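My plan is to go place by place and write down what I find.

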Amino acid sequence: MKILINVVNARNVGGGLQVVYNFILGTQKYKYANIEWYYAVSECLDQKYLDSNFKESVQGRYFVFPNQPDFAHTYLHVQNALRDLENEINPDVIYTILGPCYNFFKHKEVIRFVHPWVVTSNPYAWSTLPLGAKIRMKLHIILLKGLLSKTKYIVTQTEAVKRGLIRDIHTESENIKVVNNVLPDIYSKINKNHINTNDGYVNICAVGAGYHKNLTLIPNVLSILEKKYGVTNYKFHITLPEGALGLKDIESQLKKLGYQDRVVNHGNLKQDKLAELYRICDVCFLPSVLEVFSASTIEAMAFGIPTVATKLPFNVEVFDDSCLYYSPMNAYEASKQLHEAVTNHKLREILISKMTDRLQLFNSFENYFKETVNFLIHVATLK
């Protein structure tokens, strides 16, 4: 059986590209005797992630394309080249991990779909967008729904998304496979012990990018912590790339309040560097108002970091009672819970214990990989 992995649109360094990277490595780690893997990858993935050892091991089945979509320059060339590759390989199924993609195939295609805005958006999330971004997102959703309506087979991460796809896109239930997110394989081997920085700060990680992450709440939280609790030594660590949505707003608010030294932006981090950040942090803050299944939730569990998160279904489904919740966008409640997570040592122990137990549900990358591959095999064998 031949399976072509299509990730020519893996161009943004971040969570989605990490998923692609881990899955591609899994194709070599977890062998299927009856599967021959082929790879259509982006320049970003080729240059920044995949090393020479991997490329040598898949020589002759590994093809690099300009990052997509690039409608102004390379799109048509890449579409034609992918069609030639498809005809040459004649795959039994194509797996597009970051779907839907703007490239089209003749053979059966399975897409992995995790875009939170399309079928699981909520009023909190929409309220975070400026008018221009809101208009662009609504147009983008229309486009994505159109692409999804042409897709028969889908892998996603939660039952909520599956229900939304059936409701809004009219996809058949049996053609959607739910595979829960899991801890990336790299974290099973890496040192996760906490490191005390002894710098006088309480270090709080708040990772992720996008308006829906609601990181613009942080300056207000810092102000409340100082005025209500007399706290001036909480330092937030964020991972926004240069030019990211909301970064200028955060920097402007921090400058106005004189809190520039209380937020450190590390930019995009690969998983080994992200692990180093987690190890120095005392608390995790997840103010996001929209997710499908955030990797940050299970990463916080893995590193034993007591967490404060928005009380929304996508967090509650994962954490259950192993974290502290607050009402979305409520900086006062968030500040109270953060202070509690730092100062109540008995509570911290309880939360860490519960997180350790809860993590067992999301701790096997091998199971995640094999569930996905078995669905690809199933689709490939359908008449």
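**Asn 103.** Where does Asn 103 lie? I found Asn 103 in the loop between strand E4 (93–99) and strand E5 (109–113). Helices (H or I, at least four residues) and strands (E, at least two) are DSSP runs, numbered from the N terminus. Before going further I noted that this is a predicted model, where local features need pLDDT of at least 70, side-chain atom pairs count only at pLDDT 80 or more, and totals for chains, interfaces and linings use all residues. Residues are numbered from 1 along each chain as its sequence is written, and side-chain values use heavy atoms, with hydrogens and water left out.

Next I checked accessibility. Asn 103 counts as buried because its relative accessibility is 2%. Buried means under 20% relative accessible area, exposed over 50%, and partly exposed in between (1.4 Å probe, protein chains only). I then listed contacts, meaning heavy atoms within 4.5 Å. Leaving out residues up to four places away in sequence, Asn 103 touches Val 8, Gln 68, Tyr 75, Val 78, Gln 79 and Leu 82.

**Cis peptide bonds.** Gln 68 came up again here. Its peptide bond to Pro 69 is cis, with omega near 0°. Pro 69 sits in the loop between strand E3 (62–65) and helix H4 (75–89). The bond from Gly 99 to Pro 100 is also cis, with omega near -5°. Pro 100 is in the loop between E4 and E5.

**Positive phi.** Most residues other than glycine have a negative phi, and most peptide bonds are trans. I looked for exceptions. Asn 214 has a positive phi of about 60°. I placed Asn 214 in the loop between E8 and H9, and it is buried at 4% relative accessible area. Asp 320 has a phi near 55°. Asp 320 belongs to the loop between H13 and strand E13 (324–326) and is partly exposed, at 39%.

**Cysteines.** How many disulfides does a search of the whole structure find? It finds 0. A disulfide is a pair of cysteine sulfur atoms within 2.5 Å. Cys 205 is buried, with a relative accessible area of 0%. For Cys 101 the closest cysteine sulfur is in Cys 44, 14 Å away, so that pair is too far for a bond. Cys 101 is buried too, at 7%.

**Helix H9.** I checked the length of H9 (residues 218–229). Its 12 residues should span 16 Å at 1.5 Å a residue, and the end C-alpha atoms are 16 Å apart, which agrees. The expected span is 1.5 Å times one less than the number of residues. The buried residues include Ile 218, Val 221, Leu 222 and Leu 225. The buried residues of H9 pack against several elements, among them strand E8 (202–206), helix H10 (247–257) and helix H14 (331–343). Just after H9, Gly 230 takes a positive phi of about 70°.

**Lining residues.** Ala, Val, Leu, Ile, Met, Phe, Trp, Tyr, Cys and Pro count as nonpolar, Asp, Glu, Lys and Arg as charged, and the others, Gly among them, as polar. The lining of the largest cavity divides into 5 nonpolar, 5 polar and 2 charged residues.
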